[in-house]
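Subject: Handover of a structure

Dear colleague,

Please find the structure below, followed by a summary of what was found in it. I would be grateful if you could read the two side by side.

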Amino acid sequence: MESNLRRALVQNEFILHYQPLVNLETGLIIGVEALIRWLHPELGVIMPDRFIHVAEETGLINPIGDWVLCEACRQAQAWCDEGLPPVFMAVNVAPVQFRQSGFIEVVAGALATSGLEPGRLELELTERTVMHDADINMGTLSALHRMGVELSLDDFGTGYSSLAYLKRFPVGKLKIDRSFVNDLETDPDDWAIASTIVSMGRSLRMTVLAEGVEKPEQLTLLRKMGCDMAQGYLFSRPVSAEGMADMLRRQPFVSR
Ligand code: C2E
Ligand code: MG
Ligand code: MG
Ligand code: MG
């Protein structure tokens, strides 16, 4: 797997798919999450859950993650140059990648090369990433924040978060993990957890996004809770860059 991944990098076998992030007040796509896929010459499409952990264990996540950042920023700016409605680009960052020395320079480089405004890039970090050695991470998070880059906490609720750090970290968004959204309409406990995250996010002046929304009933409940944004198969599965451009083209122009 390791040597296969190395070859994949050299041979450009990775591609990004994109999934819309929807503003629940307007119903418009205001952001897009970049999700990596591996187009294996013999095996076909390999999903990230099957190779990201190997990339993390071998350190290959650094060059792969750097490529993702550059490609996502390039694509976001390319859509903008085509005159499509401006969206922010959300990029997943693995723990090892976040902690590599020079990560801030990698982000700055991706922005400079693409010409993307820092405020249009959002880095998705997990609780596991930021809460581990929280004091050390504070420096990196603050530096990214000073650059104008947005930060979000992915899979929120599945890890361990110190509320004290949540208050101090310059994180602007919580993404409610889809395990709480799956059975939102039937499981009162999931409803309680999701609505608690929404209230807490609000009180902390953070944006709250629900992941994995598949059913209209879930959307109705999330709207009632005051959840700001959503993502899920109900709106669209992750699609190619061309597919995403078509989706953006079909929606009314939103000026910022
Ligand atoms: P994630 O960051 O939480 O991304 C959301 C995942 O949920 C994506 O899976 C997406 O396709 C899936 N999803 C979205 N809506 C729905 C829905 O309504 N129902 C269901 N069942 N699933 C939905 P995907 O693309 O397979 O990615 C899985 C994970 O792999 C991501 O979870 C992220 O942790 C990781 N990943 C993906 N791309 C990258 C990357 O470029 N770098 C790093 N470090 N990790 C990545
Ligand atoms: Mg994510
Ligand atoms: Mg997630
Ligand atoms: Mg903020």
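Buried means under 20% relative accessible area, exposed over 50%, and partly exposed in between (1.4 Å probe, protein chains only). This is a predicted model, in which local features need pLDDT of at least 70 and side-chain atom pairs count only at pLDDT 80 or more, while totals for chains, interfaces and linings use all residues. Residues are numbered from 1 along each chain as its sequence is written, chains are lettered from A and ligands numbered from 1 in the order in which they are written, and side-chain values use heavy atoms, without hydrogens and water.

The metal site

E33 (OE), N92 (OD1), E124 (OE) and D154 (OD) coordinate the magnesium ion (ligand 2) at 2.0 to 2.2 Å. Donors here are N, O and S atoms within 2.8 Å of the metal (3.2 Å for Na, K and Ca); water is not among the atoms, so the site may look incomplete. Along the chain, the spacing of these donors is E-x58-N-x31-E-x29-D. D154 coordinates both this ion and the magnesium ion (ligand 3), and the two ions are 4.2 Å apart. N92 belongs to strand β4 (residues 88–92) and D154 to strand β6 (residues 150–156), so the pair ties together parts that are 62 residues apart in sequence. Strands (E, at least two residues) and helices (H or I, at least four) are DSSP runs, numbered from the N terminus. D154 is buried at 7% relative accessibility, whereas N92 is partly exposed at 29%.

The site of ligand 1

There are 23 residues around ligand 1, and N92, D154, R178, E214 and Y233 come nearest; a residue is near if one of its heavy atoms lies within 4 Å. An oxygen atom of ligand 1 lies 2.9 Å from a polar side-chain atom of R37. For E211, an N or O atom of the side chain is 3.1 Å from an oxygen atom of the ligand. For E214, the distance from a side-chain N or O atom to a nitrogen atom of ligand 1 is 2.5 Å. Of the 800 Å² of accessible area that ligand 1 has on its own, the protein covers 86% (Shrake-Rupley method, 1.4 Å probe). The elements giving two or more residues to the shell are β2 (29–40) and β6, and β2 gives the largest share, 4 residues.

Yours sincerely

Note on methods. Polar contact = N/O pair within 3.5 Å; in protein donor to acceptor, adjacent residues only side chain to side chain.
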